[in-house]
Amino acid sequence: MHTHPFSTDDQRLIPIMEKVITGVRLSAAAALTLYQSGDILAVGWLANYVRERMHGDKTYFNVNRHINPTNVCVAACRLCAFGRKTDAPGAYTMALEEVFETAASGYSEAVTEFHIVGGLHPDLPFQYFLDLISGLKERFPQVHLKAFTMVEVAYLAKRAKLSIRETLQQLKDAGVDSLPGGGAEIFADRVRHIICDHKIDGDQWLETARLAHQLGMKSNATMLYGHIETDEDRVDHLLKLRALQDETGGFQTFIPLAFHPDNTPLQHLPKTTGMLDIKQIAVSRVVLDNFPHIKAYWQMMTPKIAQISLRFGADDIDGTVVEEKIYHDAGATTPQGMRRQELIRLIREAGREPVERDTLYRPVSRTDTEVTLAV
Ligand code: V47
């Protein structure tokens, strides 16, 4: 636990440290100072302080599988290397049976979550998505279905000519248990117009999350960083999430996502550095005082940086994943999945205590046989 004293040459961090220790919420100006400080160890100390106050050494991971039913997408976001037009090479759309087979491949008693996201398909009817969800629920009743970003939900609503609330209600009735955090990117219009002009705007993303929370569904939230955004844009993004969380309490986890430029129209941009990745985790932990969890998604950060970030504010490292497409289409060189034992080793070697969780952060206990099954 936090036994070593706080020290810094950056005098601007002293009043921030006093606020953090006494639990006083940080202003936009203080959040900006954290981004602009060069003292990563001091900013990390603050994040680690908050992290240990909330979770001690506990570090969460889960046994999950990602499923991307289609990469066909009407949007053409500059940030993305995954989406394809209907007839473009590499475009795919799974028949429902294929989705169920994909879910079952690598499936074992150990999987507790399917994470399901895809493109904005121009032709698939809403019923396809309802059948996909109810079909998965029927075949895998014990698996939590974390499905469809706010962007997909808003698009399905438009196509089905339903309100967003009604769309969410029907998805919930079909078996969606919670929503992932994608599509948030950066809320500021100036940035959104450049990186993802075809998506719903920031206010619509937040409103969709608000409605989901009002219907009793938890969700996550993300922020895509390391492209054309400024520190001010990042602070604005975090404070908007913090304000909505004050209102609904429906967010579980915040996941900063590093931009991977390869194979995207923004591939001239440099990749993020380890320092920025770590700082992003740390600032999020300190600023989002009402978010229970900060996730260092190992797929995006690399296992090495994700592991280090467990000492800089993160308390979650995501899961086994099995098959990852969004980052790998954008040049990620990390493995596509990780075994349960490897996740545990990463966490232990960071001096933390691994806790397998389900999607709602309830601890999962395993028999020895299940542990062997958990790939
Ligand atoms: O919204 C797309 C991002 C997100 C690129 O909720 C890219 O537990 C970097 O949201 N470079 C989808 N990022 C992934 C996501 C997620 C991942 C893990 C866990 C959870 C959760 C959510 O991926 C998109 C977008 O922000 N993305 N393309 C790219 N080239």
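Predicted model: local features only at pLDDT ≥ 70, side-chain atom pairs only at ≥ 80, totals over all residues.
**Close-up views of the ligand site and an aromatic pair**

View 1. For the side chain of E185, the corresponding separation between an N or O atom and a ligand oxygen is 2.5 Å. The side chain of N220 likewise has an N or O atom 3.0 Å from an oxygen atom of the ligand. The ligand exposes 610 Å² when taken alone, and 95% of that area is buried by the protein.

**View 2. The pocket and the shell around the ligand.** The ligand takes up the space of the largest pocket. Strands β6 (218-225) and β7 (251-258), together with helix α14 (326-329), are the elements that give two or more residues to the shell. In total, 23 residues surround the ligand, the closest being K146, G181, G183, E185 and K295. Divided by class, this shell comprises twelve nonpolar, eight polar and three charged residues.

**View 3. The aromatic pair of F6 and W45.** Eleven aromatic pairs are present in the structure. One of them joins F6 and W45 in an edge-to-face arrangement, with 5.1 Å from centre to centre and 70° between the planes. Distant parts of the chain are linked by this pair: F6 lies in the segment before α1 (13-22), whereas W45 belongs to helix α3 (residues 40-55), and the two are 39 residues apart.

How values were computed:
Residues numbered from 1 in each chain as written. Heavy atoms only, no water. Near = heavy atom within 4 Å. Polar contact = N/O pair within 3.5 Å; in protein donor to acceptor, adjacent residues only side chain to side chain. Areas by Shrake-Rupley, 256 points an atom, 1.4 Å probe, with all protein chains shown as cover. 1 Å grid on protein atoms, 1.4 Å probe; cavity = no way out; pocket = protein on both sides within 12 Å on 5 of 7 lines; lining within 4 Å. Sits in = over half its atoms within 2 Å of the grid points. Helix = DSSP H or I, 4+ residues; strand = E, 2+ residues; numbered from the N terminus. Nonpolar A, V, L, I, M, F, W, Y, C, P; charged D, E, K, R; others polar. Phe/Tyr/Trp six-rings, centres within 6.5 Å; stacked < 30°, edge-to-face > 60°.
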